[in-house]
Amino acid sequence: MTKCIGILTSGGDCAGLNATIRAVTLRAHHGYGWKTVGISHGTNGLLHRPVAAEPLDPARLGAVLARQGGTFLGTTNRGNPFAFPMPDGSKKDRSGEMVEGLRELHLDGLIGVGGDGSLHILRRLLAGADLPFIGIPKTIDNDVFNTERAIGYSTAVAIATEALDRLQPTGASHDRVMVLEVMGRDAGHIAIAAGIAGGADVVLIPEVRWTLANVVSRVAALRQTGRTSALVVVAEAAGQSDDAAVPADDAPGSPGVGQWLAHRLMKATGEEARATVLGHVQRGAPPTAEDRLLAAAFGVKAVDLLAAGKADRMVGWWNRTVIDVPLEKVVGRSRTVDPDGALIRTARALGICLGDQT
Ligand code: F6P
């Protein structure tokens, strides 16, 4: 009997989602003769009647799709089924309606592409739906537990690196300190990787406790060696790791740590400093080859797991291998940058200041 599986994307968009949807659909079709249904706007599509979902035709999902950013299914990071935001500002448990929506689709399994928060919610929702569920990790933040890579991270790092490549000439031409604030939520993965790849002088992440005084000293020391400009990368949550460094109410006209830092560096060093907040530019690009590969490998593995009768698992990347792990060993945890790990050691070895010493 032909089986039918569903796929949805949930949480913030990132590069590689379309490539993932394509890989799942192609594997289901070519590998098992299954049909795939795409659910719109994450779990929110399950609230519509009829459910907002469409059969995906493998013949129409050409390679061009794998090159496109975003997700053609749509997504949401504002639709927790168990505390759904209502128009009057209240929160309502709408998980029952969503489970009903899933039943309407008569699926044999569901694949959800999401970050830690989405995977947590989907696992809980699917437990009440009696439907096999497999998760695929995606997030530019790369903080999903038990996988070294999440889809979207490689592209975000490439964009942040390119931003540094573009900021450096302006810094050098104007003798300025150029501060780049990157995303990452509570983790500094994008910042440390882009900082190394883009030749930053200073990288500030939430996992390493830093002080403004140490950053000021490093910028001053660079000046003494004849350098007239500096590149500083700061993760969006870096300030929050150190209340003494960035008091929440002390941001000059902007809540961003990048603006705050540029302002403080200017005051402390007398040098011109400018901040660039990279923001959602990090999410929307055509995926790198690495993200396309990851999407293909994860998509294939997720379908194969359903075919093998597996459920409640997440596919992942570990030690150059595609793995799968129980979702209970993923959700509710977060994989932040290891302060003693290879990237931190590499940064220190290159002389990059992490703000914890001058
Ligand atoms: O989790 C991905 C992410 O881009 C974070 O890096 C960032 O903090 C957040 O989402 C931004 O969310 P929104 O798109 O809702 O502004």
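Predicted model: local features only at pLDDT ≥ 70, side-chain atom pairs only at ≥ 80, totals over all residues.

Modeller: Residues are numbered from 1 along each chain as its sequence is written, and side-chain values use heavy atoms, with hydrogens and water left out.

Colleague: Why are helix 1 and helix 9 called oblique to each other?

Modeller: Helices here are DSSP runs (H or I, at least four residues), strands are runs of E (at least two), and both are numbered from the N terminus. Helix 1 covers residues 17-32 and helix 9 covers residues 289-307. Their axes come within 8 Å and cross at roughly 45°. An axis is a line fitted to C-alpha atoms, for helices over the stretch in contact, and angles run from 0 to 180 degrees between N-to-C directions. Angles under 35 degrees count as roughly parallel, over 145 as roughly antiparallel, 65 to 115 as roughly perpendicular, and the rest as oblique. Helix 1 and helix 9 are therefore oblique.

Colleague: What makes the contact between helix 1 and helix 9?

Modeller: Contact means heavy atoms within 4.5 Å. From helix 1 come Ala19, Thr20, Ala23, Val24, Arg27, Ala28 and Tyr32. Helix 9 brings Ala295, Ala296, Gly299, Val300, Val303, Asp304 and Ala307. By class, this contact has 10 nonpolar, 2 polar and 2 charged residues. The classes are set by name: Ala, Val, Leu, Ile, Met, Phe, Trp, Tyr, Cys and Pro are nonpolar, Asp, Glu, Lys and Arg are charged, and the others, Gly among them, are polar.

Colleague: What is the angle between helix 7 and helix 8, and what is it called?

Modeller: The axes of helix 7 and helix 8 cross at roughly 60° and come within 10 Å. Leu212, Val215, Val216 and Val219 of helix 7 take part in the contact. On helix 8 the partners are Trp260, Leu261, Arg264, Leu265, Ala268 and Thr269. The class count is 8 nonpolar, 1 polar and 1 charged.

Colleague: How do you know that Arg223 and Glu271 form a salt bridge?

Modeller: A salt bridge is a side-chain nitrogen of Lys or Arg within 4 Å of a carboxyl oxygen of Asp or Glu. The N to O distance for Arg223 and Glu271 is 3.1 Å, so the pair meets the definition. Arg223 lies in helix 7 (residues 212-224), while Glu271 lies in the loop between helix 8 (257-269) and strand 11 (273-277). The pair therefore ties together parts that are 48 residues apart in sequence.

Colleague: Why is helix 6 called largely enclosed?

Modeller: Helix 6 (residues 189-197) has 8 of its 9 residues buried, so the rest of the structure largely encloses it. The buried residues include His189, Ile190 and Ile196. Their cover includes helix 5 (153-174), strand 8 (177-182) and helix 10 (342-349).

Colleague: What makes His106 and Asp130 stand out in the backbone?

Modeller: Phi of His106 is near 50°, positive in a residue other than glycine. Asp130 also has a positive phi, near 55°. His106 is exposed at 64%, and Asp130 is exposed at 73%.

Colleague: Which peptide bond is cis?

Modeller: The bond from Arg49 to Pro50 is cis, with omega near -5°. Pro50 sits in the loop between strand 2 (35-39) and strand 3 (53-56).

Definitions and conventions
Buried < 20%, exposed > 50% of the residue type's maximum accessible area, 1.4 Å probe, protein only.
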